[in-house]
Amino acid sequence: MKLKANLISGRTADQGAHLEAKTYKGYFDACAYCELNSSDLGKLGVSEGDSLKVTTNFGEVVVFAKANDGNPDGLAFIPMGPWANAVLDPDTHGCGMPGLKGVPSEIEATKEEPLDMKSLMKQYRED
Amino acid sequence: MPVIKDAVCSLCGSLCDDITVTVEDNKITKIENACILGHSKFVGMFEHDRIEKPMIRKEGELVPVSYEEAIEAASKILVNSRRTLSYGWCSTSCEAISKAIQLAEETGSLIDSTANVCHGPSALAAQEKGAPGASLGEIKNRADVIVFWGCNPVHAHPRHMSRYSSFSKGFFSTKGRKSRKMVVIDVRKTDTAKLADKYVEIEQGSDLLLITALRSAVNGHEDVIPETVAGISKEEVLELAETLKNAQFSCIFFGMGVTQSRSKYKNGDGVSSLISDLNQHSKAVMIGMRGHYNVTGFGQVATWETGFPMAIDFARGFPYYNPGETGANDVLVREEADAAIISAADAGAHFPQKAVRHLAKIPVIQIDPYANPTTELADVVIPAAVVGIEAEGTAYRMDAIPLRMKKLIDTEFKTDEQIAKDLIAKVRELKEGA
Amino acid sequence: MQAVKLSLKKANKIPIEADTVTPDNLAGKTKEEIEAIPVWYGNGQCPLGDFFTVEVEGSDSAENTKIVFEGDVSRVKRIGQGMSAGEIEINGNVDMHCGFGMKGGKIVINGDADSWLGCEMKGGEIILNGNATYYVGSGYRGESCGMRGGKITINGNAKDYLGEHMCGGEILVTGNVGLLPAISNNGGTIVIEGNATMPASEMKNGTVIIKGEVSDLLPSYKEDGTEEVEGVSYRKFVGDVNAGGKGMLLVK
Amino acid sequence: MSEILIKNANVCDPAQAINCETMDICIRDGKIVESVSENAKVIDAGGRLTMAGGFDGHTHSAGKINVGRFINPNDARKNLVPGLSGPEARTEKTRAQVGYNTPNTYAIGYRYAKLGYTTICEAAIPLLAARHTHEEFKEIPILDKMGLSLFGSNWQVMEYIRDKEPEKLAAYVAWGLKASRGYGVKIVNAGGGEAWGWGKNVSGLYDPVPNFDVTPAEILMGLAEANEKLQLPHSVHVHCNNLGKPGNYETTIETMKMFEKVKPVVDRQALHVTHVQFNAYAGTSWRDFETGAPMVADYLNGADHLTFDLGQVIFGPAVTMTADGPVEYANSRMLHEKWSNQDIELEDASGVVPLSYSPKSFINAVQWAIGIELALLVDDPWKMMFTTDSPNGGSFVNYPEAYTYLMSAKKREQIISGFGQMALDRMVLPGLDKELSFYELAIMTRSMQSKMYSRPEKGNLKVGSDADVAIYDIITSDIDPSVEHEKVKQAFSGATYTLKDGKVVVKDGKIEATPMGRTYWVNAKVPADIDSAMQKDTDIKFRKYYTVSKSNYMVEDSYLPIPVEISAEGEF
């Protein structure tokens with residue numbers, strides 16, 4: 001089953017605390033996840049820590065599932081960082097700012113594991 | 001053992017300047033008054049993944065070289081480029097930013113700051129309507145209504161509410177939190193929203209509709225407001241408008257929820273107009289919640305040196321400014337840039353995939369104290385001192401108040417300012433040679 | 001009559017800035033003279049001939065000069081900037097600022113146009129047979145007046161901020177437009193035959209007609225009966241009330 | 001040792017009562033000297049008009065101007081005065097330049113130098129943001145700089161005046177000047193900044209400031225007393241209450257009168273009233289608005305305790321920027337213009353609003369006339385400083401144009417002929433045929449500043465003075481400025497030579513060299529016991545109300561590349 005969600009990215013304290021430790025697992029843990037509310041997670045039949053594949057018109061990325069009941073239905077949040085940016089909208093809308101919030105996405109359960117930061121970036125260098 | 005008082009925390013735009021730092025054999029062993037972010041920066045730095053030596057990429061691998069070799073390699077990239085993007089310069093001092101701008105001018109480059117993916121639209125908004133603001137102490141001493149719109153200080157600016165806003169006590173706001181009504185407008189119930197007296201949940205991307213409805217209410221045109229706007233009932237809109245109108249002093253703090261959402265800079269533009277309208281009834285100001293500790297400083301320095309706050313294109317020898325055309329992401333996504341120099345910011349982590357993929361294709365020079373995703377794309381890596389800890393300099397708080405950052409410990413690493421100077425000198429030398 | 005044909009030799013990524021390529025500037029010039037005209041390419045200048053094969057027939061005044069661009073000039077900016085007479089035909093996609101500040105003459109684009117098409121235009125005509133991007137007929141950063149005169153016809157769609165700060169002239173879009181067309185406009189007429197979102201924010205003056213669907217009409221317009229235009233009846237909205245606006249927004 | 005001999009200079013130096021006499025000027029190591037050796041470098045002035053370097057004693061060129069730049073990126077491409085405005089690519093000698101009303105810092109230095117100016121005084125430094133002003137000073141090439149620090153709505157100031165603590169007040173002013181590295185005391189709409197903290201304003205000299213129980217009059221007198229107690233080189237520098245309001249000429253004269261009882265302890269005025277044009281309005285509303293210049297000039301002609309500057313209006317786009325917060329908000333609502341505001345905790349307010357002066361608007365036409373009327377109706381040029389309050393009345397690059405308004409009745413007629421009858425009925429200018437001489441112009445653009453700011457080494461060509469010299473392409477004996485005003489304008493728009501400290505910085509209107517100028521600041525001595533008593537009070541302010549630590553407040557030495565510390569011996 002695929003969940004249609006509105007994807008936003010943003011800061012978190014944990015992401016901020018790892019700004020200067022981005023090569024470490026702590027940063028991976030702080031950024032490589034997607035928050036949905038528990039009912040949306042339920043619809044996907046996944047629980048926290050399971051893998052999710054997030055797909056948009058601009059790419060796809062695998063991240064961990066995380067519950068946040070502060071999110072309304074159909075709102076997905078990924079902390080700002082390379083994982084979120086793998087699927088965000090590059091169009092700068094004539095004013096310089098890419099689409100980092102409000103990107104239509106499809107989210108599904110997956111068996112794949114999220115890539116660590118270096119492997120993610122390595123892809124870009126090699127493709 | 002030396003204890004340094006009133007150090008300035010060089011992490012976020014709050015620029016707290018009451019930090020007490022204990023230094024033992026050139027290491028920071030204790031830090032007082034800082035938040036979790038500041039603590040990780042000051043104490044955590046000794047575990048962080050420091051770039052130990054300058055490096056140049058050879059056969060796909062970064063190999064250590066001397067500063068001189070790295071500067072030479074970087075300068076060659078700059079001299080041979082027709083359209084260099086210089087990006088970042090926000091987690092550094094104004095003195096370094098000034099030199100970075102001179103380097104961009106002398107190499108006919110394009111220079112942009114992290115505002116490109118943060119508060120750039122707030123600058124465009126100010127260029128439409130102006131920016132009616134105040135220093136943070138005005139909020140501390142006077143504000144009885146505080147609105148956080150599309151921002152989450154609990155996470156992004158942890159001490160903001162205790163030092164400057166919700167919880168702080170001031171001359172007229174003697175009871176602190178009790179003296180103030182706190183309103184949070186957001187698309188999800190954030191940890192900041194949980195602390196609010198009033199939480200308004202709007203449909204993502206509909207900020208301008210709510211702002212416009214509030215203006216209509218404040219300006220006495222209730223009749224044009226439909227029964228629901230942005231997912232909020234007319235009644236709730238009118239109530240919020242009354243709260244703002246009846247305030248003695250209100251401040252709208254706004255964040256990337258406002259700048260990055262649909263209708264981008266028109267949101268900030270609308271907030272600015274709302275503030276102007278509100279001043280017909282009471283005192284109101286607005287302040288952007290700036291992220292990188294000196295992104296405000298970049299805007300200040302760039303504005304007095306080039307006339308523009310960001311996205312400055314020196315291709316023709318004089319500054320040209322047009323975000324949407326001359327922004328960092330504009331020239332990367334359009335694959336215009338044929339080289340990039342990225343300093344004190346991390347495009348690799350914070351730009352959309354399409355832009356990052358282009359960075360991977362062109363020569364990239366990185367100047368930074370720490371390894372990060374940009375390092376994975378870089379061809380020349382120049383390690384730098386940590387400004388605000390290993391180097392002093394000026395930074396501007398989110399309310400444009402300039403502060404002097406202290407040097408707390410010694411270092412072997414060159415400062416961003418020195419590296420920029422070295423690059424200018426080497427570029428001149430290569431040009432004369434040519 | 002003078003005809004100048006400019007064929008792009010090979011596609012480029014770094015934009016060429018062709019603000020010197022106007023009928024006003026090319027009129028009466030020979031092939032060699034035109035090839036020698038300097039254009040900006042990144043942080044340096046090169047002769048036009050480095051990028052284009054130049055063919056010239058005849059020699060005449062600006063009003064009787066026609067420039068034809070062949071090939072993909074989607075990375076050639078500022079074509080026809082400030083032109084006052086003559087004609088430019090572009091057979092392909094064109095980059096930003098085409099027809100910026102133009103005073104007279106005609107530009108026909110058989111392809112798509114990137115942002116700032118005809119911005120701060122004062123006179124003349126632009127016909128786009130393709131899709132436009134952002135800020136058609138708008139003003140540059142900080143300006144309070146964009147397009148002042150002339151006409152832009154878009155036989156296709158346009159994206160956001162169409163006609164921002166427009167003070168005069170006419171824009172016709174036969175397709176759909178994106179977000180916030182006619183922001184802060186203070187005169188002129190915009191006709192959109194397709195759909196639009198959040199139209200006419202802070203309009204002080206002017207007329208905006210939307211024949212398709214309107215999404216997210218801003219809560220700053222007063223409905224004021226109907227208005228008949230060319231035999232078609234529209235719902236009439238007046239505003240923007242927050243700008244003390246007397247603008248007219250006509251919606252199907 | 002570097003020596004220069006300027007031959008055949010047609011010197012106009014009012015400080016020495018030299019009125020266009022041809023002579024030589026000798027320079028050694030940056031100073032004017034009696035004589036030089038034969039191996040001195042010779043500059044032949046060819047009988048051209050030669051003056052001391054110009055001194056703009058009231059300009060907004062560092063600090064607040066950055067807000068103007070920020071909200072008006074469209075100003076950067078304006079090129080209304082070719083050669084002195086608009087974008088210019090970098091050269092081997094100069095940095096890139098942009099702008100007209102709000103040029104970048106480099107353009108400010110180059111363009112003032114092209115006009116023959118070598119010293120400027122920034123009109124408003126907010127104490128808490130003073131580092132910013134000095135950071136911009138560092139990037140303004142060539143010129144010597146100084147700045148005036150804002151005290152007029154400062155909590156500590158108002159409390160000391162309310163509590164009758166004149167000595168602590170003086171100590172605080174001394175400390176504030178040191179903290180901001182300021183040169184003098186600026187008072188803007190006394191008390192109005194604090195009222196604006198609540199979105200209000202003070203209505204006049206005797207309208208108490210909310211919550212502080214002091215009146216603007218008491219603030220003005222209190223600070224004047226402190227200023228004299230500290231024996232500061234400059235008098236208090238006052239932007240009167242009710243600026244920009246019809247009928248405000250009365251408040252202006254009342255303010256001037258109030259200062260008759262202030263006895264300056266330094267040989268200079270007791271008061272400087274700035275941009276008086278904006279404060280010389282008669283009428284009761286914009287409907288019956290008319291010039292108040294004759295009344296103000298009449299008072300000034302009978303008074304000898306003060307100086308003033310014009311705040312002349314230039315038609316076309318301008319950017320208003322002032323610490324008078326409420327005025328800017330009112331402007332933005334009246335003109336439907338962008339509005340920026342920056343209130344500074346415990347200290348002051350400020351605002352920035354762009355606008356355009358049009359000869360078709362009778363109000364703008366009368367404003368334009370008032371500045372000139374003041375210059376023509378006031379008899380003694382030593383009381384008058386020429387300014388446009390740049391860029392409030394218009395950009396400084398228009399000074400040469402404005403000189404011709406003062407020097408040529410014909411030029412004035414040309415412009416006045418475009419005015420409507422309503423405008424003509426509200427001004428007295430058409431009846432004035434006075435035309436100022438080069439000698440009077442030199443006084444208003446150089447000489448009086450030297451006295452007004454107690455900088456004897458500036459604004460004159462006396463032996464011992466700084467060798468700041470401007471040579472203009474004018475042969476005074478064969479030009480009639482009244483008729484050949486266009487020639488006069490051209491000559492003043494690009495000096496044949498500008499020398500700064502004996503170095504040629506401009507030649508034939510082009511930048512030759514870009515040395516770094518000095519920054520003057522005043523260190524006023526205060527008895528230790530009074531100082532420490534005052535420090536205890538400010539400690540509380542910082543602990544409880546400021547959002548920065550006191551130890552991070554003072555501007556550090558590193559912000560002044562070439563500091564010149566002027567000591568003032570307080571009299572306690």
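**View 1. Lys5(C) stands opposite Glu55(C) in strand β5(C).** The model is predicted: local features need pLDDT of at least 70, side-chain atom pairs count only at pLDDT 80 or more, and totals for chains, interfaces and linings use all residues. Residues are numbered from 1 along each chain as its sequence is written, while chains are lettered from A and ligands numbered from 1 in the order in which they are written. Strand β1 (residues 2-8) of chain C pairs with β5 (residues 52-57) of chain C in the antiparallel sense over 6 bridges. Strands are DSSP runs of E with at least two residues, helices are runs of H or I with at least four, and both are numbered from the N terminus; two strands pair if DSSP finds at least two bridges between them.

**View 2. Strand β1(C) also pairs with β6 (residues 65-70) of chain C.** The sense is parallel, over 6 bridges. Val4(C) has Ile67(C) as its bridge partner in β6(C).

**View 3. Helices α3 (residues 94-106) and α17 (residues 416-433) of chain B come within 8 Å, axis to axis, and cross at roughly 20°.** That makes α3(B) roughly parallel to α17(B) (angles under 35 degrees count as roughly parallel, over 145 as roughly antiparallel, 65 to 115 as roughly perpendicular and the rest as oblique). Axes are lines fitted to C-alpha atoms, for helices over the stretch in contact, and angles run from 0 to 180 degrees between N-to-C directions. Residues of α3(B), including Ala96(B) and Leu103(B), meet residues of α17(B), among them Ala420(B) and Ile424(B) (contact: C-beta atoms, placed from the backbone, within 7 Å).

Methods:
Contact = placed C-beta atoms within 7 Å.
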